[in-house]
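Here is a walk through one model, strand by strand and helix by helix. Keep the structure open as you read.

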Amino acid sequence: MRIVVALGGNALLRRGQSPDAAVQLANVQTAVAALAPLARHHELVITHGNGPQVGLLALESAADRSLAGPYPLDVLGAETQGMIGYWLLQALQNVLPDRQVCALLNQTLVSAADPAFAEPAKFVGPVYGEEEARRLAAERGWTVRRDGRYWRRVVPSPAPQRVVETRLIRLLLASGTVAVCAGGGGVPVVRDEAGQLTGVEAVVDKDLTAALLAEALDADALLLLTDVPRVEKGFGTPGAEPIGHTSPARLRTERFPAGSMGPKVEAACRFVELTGGRAAIGALTDAAALLDGTAGTLVTPGGPVPAAAATAHPVP
């Protein structure tokens, strides 16, 4: 099977953890241990988030008095692709000595007219208490929003249109290479009237880019890995209910937070609707079980098979 995996940024740097390199590297080792069994038996493309990491670099850049101004978000996104890509590349090479692994820097084409530029919604950087978040917003011109029990900075997140280097990723897969690519959703770029590419001040959602890439690569499955075991109806409320096997139509009847689970649900639904393949959302440590449909939230075109027909007609 050809599988595209979207590895959540919070899986690489968990909430409340120190952003030290050693901490993130240990988390990468855990991630690779969960992904290695898939890579041994399938064609694998790994994308990853960068919200905590790009936010950290933005803080460092803003505090550097030697700079006339902070580095733009597209440049910081490219820096995180290199950093996280290097960690994943090396860890995968160590556990898969008989496979070629490549970490590829990618650009993602977006529309300059995307309304997201006027409505920042993508969380980046560390979490804060409300008072500190509002103070930083006033000092630095940020937009901040509540993220669960905390507050975080939000930035524009335009919809991905195409991963510019898609053909190159196809060549890597055809050669048997495990590809680490489109980190952080890819570096956001627009094309001007002369056909030239240029970066923009934004962060693309990596789950939506992963779905777009999975469709373009004719993938059989899309796995969206995060720090929770499954999607829940009414998440965070006393009446929360886990969602197991479902269909895009049923999943779209529920409402999910735009800055967290919402893009994962949209990515899963879009991929299944457009390709007829399967998508799953769940914990990183359950990666193999998600592919089997025995853990997490599984999304397939028709949803669950009726009990009477389950034996004769298993889920594809």
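Two strands count as paired if DSSP finds at least two bridges between them. Helices (H or I, at least four residues) and strands (E, at least two) are DSSP runs, numbered from the N terminus. This is a predicted model, in which local features need pLDDT of at least 70 and side-chain atom pairs count only at pLDDT 80 or more, while totals for chains, interfaces and linings use all residues. Residues are numbered from 1 along each chain as its sequence is written, and side-chain values use heavy atoms, with hydrogens and water left out.

Start with strand β2, residues 43-48. Five of its six residues are buried, meaning under 20% relative accessible area; exposed means over 50%, and partly exposed lies in between (1.4 Å probe, protein chains only). Strand β1 (residues 2-7) runs parallel to β2, joined by six bridges. Strand β9 (residues 178-180) also pairs with β2 in the parallel sense, over two bridges. Look at V45 in β2. V45 is the bridge partner of V4, and V45 stands opposite A179 in β9.

Now move to an open sheet of three strands. Its order is β5-β7-β6, and the pairing is antiparallel. The edge strands are β5 (122-128) and β6 (143-147), each pairing on one side only. Neighbouring strands of this sheet are turned by 40° against each other on average, direction ignored. Axes here are lines fitted to C-alpha atoms, for helices over the stretch in contact, and angles run from 0 to 180 degrees between N-to-C directions. Four bridges hold β5 to strand β7 (residues 150-155). Within β7, R153 stands opposite V124.

Two helices lie across these strands. Helix α3 (residues 51-63) lies across β5 and β7, at about 70° to β5. Helix α5 (residues 130-140) lies across β5, β6 and β7, at about 120° to β5.

Two single residues come next. T166 is in helix α6 (residues 166-174). Is T166 buried or exposed? T166 counts as buried, because its relative accessibility is 5%. T166 touches L213, A216 and L217, not counting residues up to four places away in sequence; contact means heavy atoms within 4.5 Å. L197 lies in strand β11 (residues 197-199). L197 has 33% relative accessibility, so it counts as partly exposed. Leaving aside neighbours within four places in sequence, the contacts of L197 include Q107, L109 and V164.

Finish at helix α9. How far apart are its end C-alpha atoms? They are 21 Å apart, which agrees with the span that 15 residues (261-275) should have at 1.5 Å a residue. The expected span is 1.5 Å times one less than the number of residues. The buried residues of α9 include M261, G262, P263 and F271. Among the elements covering the buried residues are α7 (206-216), β12 (221-226) and β16 (278-283). G276 follows α9, and its phi is positive, near 75°.

Helix α9 also provides the largest share of the lining of the second largest pocket, four residues.
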